[in-house]
Amino acid sequence: MAAEAALQRCSKRGKAKTSLDAAANVLMDLAGQGWAVSVDGTAVSVTPPTGETDPATEKLRVRTQELIKRNEQLGEPSVRRFVKFMEQPRLHDGAFISIFNLMRDGRDLAQALGAVQQEALEDPSKLRSAIDPYVQVVTNERCSETGYRLIDVWRYFRHTWSNQYTSTPGRTMMLLVRDRAAKYHPVIGIAALGSAIVQLAERDDWIGWQPKVFLDSLEKDPTLRMARWITARLSTARDELYREDLVRDGLYWPSLWDEPSEAAIERLVKESETRRREHHRYAKGTDFKKTRDANDEDAWRTRAESDLFRSKRCRALADLLTIRLALQPHLYPKPSRAGLAAALADPKARRGITAVLRRAKADAVGTEIADLTVCGAVAPYNVVLGGKLVSMLAVSPVVVKAYRQRYGDYAGEIASSMAGRPIRRRSNLVFVGTTSLYGSGASQYNRIRIPSDVLGGSAPIEYRRLGRSKSFGTSHLSSATVRSLVRLAEQSATGVRVNSIFGEGVNPKLRKIRHGFDLLNWPSDILLRHGRKRIIYGISLVDNLLPYLLGVEQRPDYRFRRSAMSDASSVAIWWMKRWLTPRIQSDDIMAAVSAHTLIRPVRHGARVALPPSTAAPEDNEQLELY
């Protein structure tokens with residue numbers, strides 16, 4: 001008993017220290033970000049900074065926020081070793097090569113642009129002799145020009161951004177935009193398409209699938225097509241759930257679908273809760289590694305029968321039966337226009353239709369909508385508005401084709417684990433969303449529009465401003481603070497267990513951080529507001545966006561001709577006409593381009609600038625290396 005009491009005291013002291021560390025780290029971060037922090041006895045008060053009205057001042061404030069975590073990352077030994085590795089010359093095809101060979105000397109670019117400066121006023125395509133862009137999808141392959149792995153090239157230039165480089169769960173397709181007009185095809189810019197945020201009110205309002213907007217439109221025009229769509233979506237959702245073990249255990253039987261009962265639904269809910277508790281007790285992350293063979297149905301069935309996915313399947317099936325029960329009087333056995341109108345007037349059935357909409361949305365958001373998570377040009381191309389070129393190419397037909405090729409045969413991890421077999425959804429990229437890095441001032445996405453005649457389509461492809469984000473997240477907290485809050489949550493004996501296993505739920509780290517704040521009795525909803533209301537943009541690539549996303553229509557009606565998928569030149573020439581030609585008429589701009597040279601020691605703007613290291617002073621020599 002004495003030993004047990006001693007262990008309890010040690011545990012309490014350990015938790016107290018962890019709590020103190022987390023609290024101190026949070027307060028230091030907030031103070032460093034301009035929050036007013038005051039202490040009155042044992043009470044600590046914080047007040048967020050007021051938003052700046054001057055765009056330049058606000059931009060500086062946000063950039064300062066971002067650089068804290070960026071420089072913290074660049075100070076890590078592994079990152080510093082990577083940067084030095086990329087800058088160290090090595091032999092490739094009989095020549096010494098380094099990452100500097102993928103940076104274009106500004107003097108060379110200025111000279112090439114100057115040679116066709118006047119001709120471009122009449123014929124912008126003449127500029128292709130100076131800049132000839134193309135898109136390269138990043139894979140595990142090596143660059144044919146330098147021998148570097150493409151992923152390493154992308155990663156190096158990503159470290160030149162003012163914000164921290166972080167990986168994101170789900171799909172990620174990285175892009176390099178390169179220049180075949182110069183030796184080694186230097187990098188113009190980089191981009192990345194990633195899995196879209198599931199809930200984003202501004203985007204969802206614009207698309208038209210927010211529940212209220214959607215239901216209001218159905219009430220105005222309750223068609224037979226939409227009635228059939230609702231019942232078809234329900235049947236598809238049921239068929240994509242593995243049910244063999246549930247039938248075997250008496251939790252489900254085929255006729256239950258036609259005659260759902262509250263008692264059967266309740267049994268499924270209880271089984272879901274029981275399996276969830278078992279999962280939290282015994283789950284290991286190694287049990288949920290990505291399936292190597294997507295066609296291995298035995299592996300998917302094993303995953304489906306795990307505690308986690310059996311819990312999710314039971315809950316999902318209970319929800320579907322609940323919807324089926326609510327719609328039974330109106331849309332079964334045969335859907336009709338009158339039945340849909342009656343369902344919309346029934347509160348339970350109306351909630352059921354909303355649930356069907358949300359499921360359809362969840363399927364599409366993960367596969368046919370993407371977020372442009374990284375997008376920009378590197379020096380010297382950024383001086384001549386190369387960021388706008390990268391922005392246009394990132395949503396161009398060439399990228400739509402690459403996206404389909406990358407994910408066309410992709411079996412979704414969660415969907416396949418729920419079905420006990422590989423589930424491959426449509427992978428036609430039809431909408432891209434993104435945000436500005438700064439919430440005020442100029443954005444590289446402003447005024448970007450590819451006219452319909454450029455791509456031979458029915459309508460322009462343009463960046464539409466949809467609103468501003470709610471400025472919520474952890475970008476204002478240092479890595480040390482995040483780690484301390486996560487550690488506090490993990491040491492807690494109470495609260496929700498989060499194993500950081502793919503499939504458990506959205507953003508497990510954020511849930512742990514929230515729980516850490518809860519354990520401190522601090523309001524996470526306030527402290528996680530970083531004060532940056534970024535501009536939200538949306539780009540529709542089709543004319544039938546909502547009907548296609550919902551599955552009402554099966555084929556996307558793209559805003560470009562099919563032949564445009566094979567060549568980026570049309571977009572490049574439009575950029576040259578709209579942005580590059582006027583830009584290079586300025587002597588100041590041409591001088592700014594020339595300033596980015598590869599003369600030793602290299603002071604090129606596309607070079608990663610490592611902050612001085614106090615832990616390893618010898619690493620500071622990087623600043624003088626070629």
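**Helix packing and local geometry**

Modeller: Helices α11 and α13 cross in the left-handed sense, where left-handed means that the near helix is turned anticlockwise from the far one by less than a right angle, and right-handed means clockwise. This is a predicted model, in which local features need pLDDT of at least 70 and side-chain atom pairs count only at pLDDT 80 or more, while totals for chains, interfaces and linings use all residues. Residues are numbered from 1 along each chain as its sequence is written, and side-chain values use heavy atoms, with hydrogens and water left out.

Colleague: At what angle do the axes of α11 and α13 cross?

Modeller: Two packed helices are described by the angle between their axes and the distance between the axes. The axes of α11 (residues 262-282) and α13 (residues 307-331) cross at roughly 160° and come within 8 Å. Axes here are lines fitted to C-alpha atoms, for helices over the stretch in contact, and angles run from 0 to 180 degrees between N-to-C directions. The two helices are therefore roughly antiparallel to each other; under 35 degrees counts as roughly parallel, over 145 as roughly antiparallel, 65 to 115 as roughly perpendicular and the rest as oblique.

Colleague: Which residues of α11 and α13 meet?

Modeller: Contact means heavy atoms within 4.5 Å. On the α11 side the residues include I265, L268, V269, R275 and R276, and on the α13 side they include L308, R310, C314, L317, L321 and L325. By class, the contact of α11 with α13 has 9 nonpolar, 4 polar and 10 charged residues. Ala, Val, Leu, Ile, Met, Phe, Trp, Tyr, Cys and Pro count as nonpolar, Asp, Glu, Lys and Arg as charged, and the others, Gly among them, as polar.

Colleague: How far apart are the axes of α3 and α6?

Modeller: The axes of α3 (residues 77-87) and α6 (residues 150-158) are 11 Å apart, and the helices pack at an angle of about 115°. That makes α3 roughly perpendicular to α6. The crossing of α3 and α6 is left-handed. V79, F82, V83, M86 and E87 in α3 meet D152, V153, R155 and Y156 in α6. This contact has 6 nonpolar, no polar and 3 charged residues.

Colleague: How many helices and strands does the protein have?

Modeller: There are 25 helices and 13 strands. Helices (H or I, at least four residues) and strands (E, at least two) are DSSP runs, numbered from the N terminus. Among contacts between residues at least 6 apart in sequence, 76% join residues at least 24 apart.

Colleague: What share of the residues is buried?

Modeller: Buried means under 20% relative accessible area, exposed over 50%, and partly exposed in between (1.4 Å probe, protein chains only). Of the 626 residues, 51% are buried. The protein exposes about 29600 Å², and carbon and sulfur atoms supply 52% of that area. Such areas come from the Shrake-Rupley method with a 1.4 Å probe; for residues, only the protein chains shown count as cover.

Colleague: Is R238 buried or exposed?

Modeller: R238 counts as buried, at 17% relative accessibility. R238 is in helix α9 (residues 224-239). Neighbours within four places in sequence aside, R238 touches R243, Y252, W257 and L320. A341, by comparison, is partly exposed at 35% and lies in α14 (residues 337-345).

Colleague: Which elements do the buried residues of α17 pack against?

Modeller: They pack against β5 (133-137), β6 (172-179), β7 (187-195), α16 (386-393) and α19 (452-455). The buried residues of α17 (residues 397-407) are P397, V398, V399, V400, A402, Y403 and Y407.

Colleague: Where does a cis peptide bond occur?

Modeller: One joins Y332 and P333, with omega about 5°; P333 is in the loop between α13 and α14. Another joins A379 and P380, with omega about 0°, and P380 is in the loop between β8 (369-377) and α16.

Colleague: What is phi of D93?

Modeller: Phi of D93 is near 50°, a positive value in a residue other than glycine. D93 is in the loop between β3 (90-92) and β4 (95-97) and is exposed, at 68%. R447 also has positive phi, near 65°. R447 sits in the loop between β9 (431-435) and β10 (449-450), and R447 is exposed, at 62%.
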